[in-house]
Amino acid sequence: MKQAVLHAPLDLKVVETDIPALDDGDLLLRVESALVCGTDVRIYEGRKKRNVTYPTVMGHEFSATVADSAGPLPDGLSIGDLVCVYPLLPCGHCVACSREHPNLCRNRIAFGYQLPGGFSQFVRVPAAAVRAGNVVAVNGISPAAAAIIEPLACAYNGQRLASAQGASTMLVSGCGPLGLMHIRLARQLGAQRIVAVDPIRERRALAEVSGADLALSPGPGAADRILDWTEGAGVDVLVMAVGRTDAVHPYLGVLAPGARVSVFAGFSGEGTNLEIPANDVHYNEWTFVGASSSRLGDFQAVAGLVRSGALHVEDLVGTQLPIDDVTDALHLAASGRDLRVGVAPWD
């Protein structure tokens, strides 16, 4: 089988290797669609090293069909099922797990990090992940829609932590693929009015297609327009959907009393410190929450929304390049010129 192996930052090679052998209780999956996350780009470039072991096979956003099993399949799974895979396997006993933050597990292993991920034609799912319910059947949808469930679950986690369900007004700052996912998810979860901000005209148009009532270019006057749009009330929820501090700094003045801010995107490099006036937080009772990955329950909930047709996301998947061109896929994803770029394992 073909597999893209990262030996060190910027040292990525597509190799021919054996299909993984299975131990008792394992599953073998035939990868159908694998998407490129911004985290994959940072791993490839060497800007993200935490939890990464070399050599590694990236790709934690993927769908697959069940090809084989070493022993009986768990209830709800059959050979040939289309599945999506929750990428984290927490330890269950560290301080994060004991405090009901398994996605922050200090000892977790994950597909695309320590476990070979979806930039491969086949993936072995260890028995522990099978038993935990990480493999979720999603028959009846496209492989691309199934693959995008993982980042959608991350957005769901960020909105849940910010108590965004049913918000009167929401601001989504950044309308890349994940910002668009946030808009669509917020609509599904009952947000009444949504404003989006992005410098790229095409993305602003996609934000409106995705359900934003208003899409603005950042810059002088944007905050004033948002305040006018809310008739001076301000926004209840702000989602930072891009890893830039200027995704929030200009909009602190449009936060309503009791507003919640989801610091959703990952940051890297210099200039990552948020500067927030302490008195503004104090007197307005603002809440700032981080959001990292998702919990298994988030993943399963979003899988249900996509599988049922309540949440349409397939059109957010952009260019799909053959696995031999995986480096080009990473560069295209890094450019921000496309939607959710993917790696096609069998092309």
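A residue counts as partly exposed when its relative accessible area lies between the limits for buried (under 20%) and exposed (over 50%). The legends below concern a predicted model.

**Figure 1. Salt bridge between Asp-246 and Arg-244.** The two side chains meet with an N to O distance of 2.7 Å. Arg-244 has a relative accessibility of 48% and therefore counts as partly exposed. Asp-246 is likewise partly exposed, at 36%. In the structure, the count comes to 11 salt bridges.

**Figure 2. Salt bridge between Asp-324 and Lys-2.** The side chains are 2.9 Å apart, N to O. This pair links distant parts of the chain, 322 residues apart: Lys-2 belongs to strand 1 (residues 2–8), and Asp-324 to the loop between strand 16 (317–322) and helix 11 (326–335). Asp-324 is partly exposed at 45% relative accessibility, and Lys-2 is partly exposed at 22%.

**Figure 3. Aromatic pair of Phe-122 and Trp-346.** The whole structure contains 3 aromatic pairs. In this one, the ring centres lie 5.6 Å apart and the planes stand at 90°, so the arrangement is edge-to-face. Phe-122 is in strand 8 (residues 122–125) and Trp-346 in the segment after strand 17 (340–344), so the pair ties together parts 224 residues apart in sequence. Phe-122 is buried, with a relative accessible area of 13%, whereas Trp-346 is partly exposed, with 36%.

**Figure 4. Arg-30 over the face of Trp-346.** Arg-30 lies 4.0 Å from the ring centre. The side chain of Arg-30 also meets that of Glu-32 in a salt bridge of 3.0 Å, N to O. Arg-30 is partly exposed at 28% relative accessibility, and Glu-32 is partly exposed at 25%.

**Figure 5. Arg-193 over the ring of Trp-229.** The charged end of Arg-193 sits 4.1 Å from the centre of the Trp-229 ring.

How values were computed. Residues numbered from 1 in each chain as written. Predicted model: local features only at pLDDT ≥ 70, side-chain atom pairs only at ≥ 80, totals over all residues. Heavy atoms only, no water. Phe/Tyr/Trp six-rings, centres within 6.5 Å; stacked < 30°, edge-to-face > 60°. Helix = DSSP H or I, 4+ residues; strand = E, 2+ residues; numbered from the N terminus. Buried < 20%, exposed > 50% of the residue type's maximum accessible area, 1.4 Å probe, protein only. Lys NZ or Arg CZ within 6 Å of the ring centre and 35° of its normal. Salt bridge = Lys/Arg side-chain N within 4 Å of Asp/Glu carboxyl O.
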